[in-house]
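Good morning, colleagues. Please look at the structure on the screen while I describe its overall architecture.

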Amino acid sequence: MTDVIKVAVLGAAGRMGTTVCAAVEAAPDLALVARVDATDDVAAALRDASADVVVDFTVPSATEANVHTALAAGAHVVVGTTGWTPERLERLEEALAALPGRGVLIAPNFGLSAVLAMTLAAKAARFFESAEVIELHHPDKVDAPSGTARHTAAAIAAARGAAGLGPSPDATESGFDARGADVDGVRVHAVRLRGLVAHEEVLLGNPGEQLVIRQDSFDRTSFMPGVLLAVRKVGGRPGLTVGLEHVMDLD
Ligand SMILES: NC(=O)c1ccc[n+]([C@@H]2O[C@H](COP(=O)([O-])OP(=O)(O)OC[C@H]3O[C@@H](n4cnc5c(N)ncnc54)[C@H](O)[C@@H]3O)[C@@H](O)[C@H]2O)c1
Ligand SMILES: O=C(O)C1=N[C@H](C(=O)O)CCC1
């Protein structure tokens, strides 16, 4: 990688893509070499751009193909798009095994407050009988529950499992629809409300006490320090990294 990191952005016309392009242009050590969106030929655009790092903020249905296209073009990849199922991650790890030195960093949330909230929730989870997650987003979001909430609930479930905790107590006999989605045994509730950007609350309960961990992204600029950190770090992390916490010295 040269001194200045050449960056191409996929989904450049979207809410996040627009903000990422502006952040890259404002960073002295980065150069924006391509803005690519749905009507472009992604493979041709990336071949022409010769980017060091490709950043993907597109849609869950397009992101997997985009990442493989970016790898074929010779770049490292930073991904913020949601929709990365275990099967998609497995296929990506297989592809990366054949590309030594190449890195992909996927983060469900680049907001520092969100990463810290997830990390704290996972640390606290083993001390509480009950755990539920509420995520709140703008109503233009196409997927639910959010990638962040899935990641949070999975981390809570893993911590509870490691501590030998069973399921959270729940006497519900009817109206299961009102109890939210089940992510690895943790209930996740999704709110969609005009005026919101991205917010999450983790509720942890014991007899006579509650811990609430809440984070709020009021503006998409909140994701930019995390995105730029990932762009700067991904070239030094061969293979697949899932979660920004791994480049924040939190693990
Ligand atoms: N990781 C994070 O911190 C974070 C933060 C915000 C949003 N997100 C996620 O990022 C994704 C994008 O969110 P958004 O609010 O910017 O959405 P958006 O709908 O505003 O933007 C998506 C853009 O991708 C473009 N696009 C669609 N298919 C494409 C393709 N094949 N190639 C190139 N571009 C394509 C669309 O035309 C659009 O401009 C979502 O999955 C969202 O959940 C993640
Ligand atoms: O606006 C969105 O869409 C967001 N998506 C991510 C998610 O699903 O967790 C991160 C927060 C914003």
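Helices (H or I, at least four residues) and strands (E, at least two) are DSSP runs, numbered from the N terminus. By that rule, the chain has seven helices and eleven strands.

A word on conventions. This is a predicted model, in which local features need pLDDT of at least 70 and side-chain atom pairs count only at pLDDT 80 or more, while totals for chains, interfaces and linings use all residues. Residues are numbered from 1 along each chain as its sequence is written, and chains are lettered from A and ligands numbered from 1 in the order in which they are written.

First, the overall dimensions. The radius of gyration, taken over C-alpha atoms, is 19 Å; a compact globule of 251 residues would have a value near 18 Å, so the two agree. That globule rule is 2.2 Å times the number of residues to the power 0.38. Along the principal axes, the C-alpha atoms fill a box of roughly 60 × 40 × 30 Å.

Next, the sheet. Six strands form an open sheet with parallel pairing, in the order β2-β1-β3-β4-β5-β11; two strands pair if DSSP finds at least two bridges between them. Strands β2 (30–36) and β11 (239–242) each have a single partner strand, so one side of each is left without a neighbour in the sheet.

Within this sheet, β4 (residues 76–79) and β5 (residues 103–106) run parallel and are joined by three bridges. Here V79 stands opposite I106 in β5.

Thank you for your attention.
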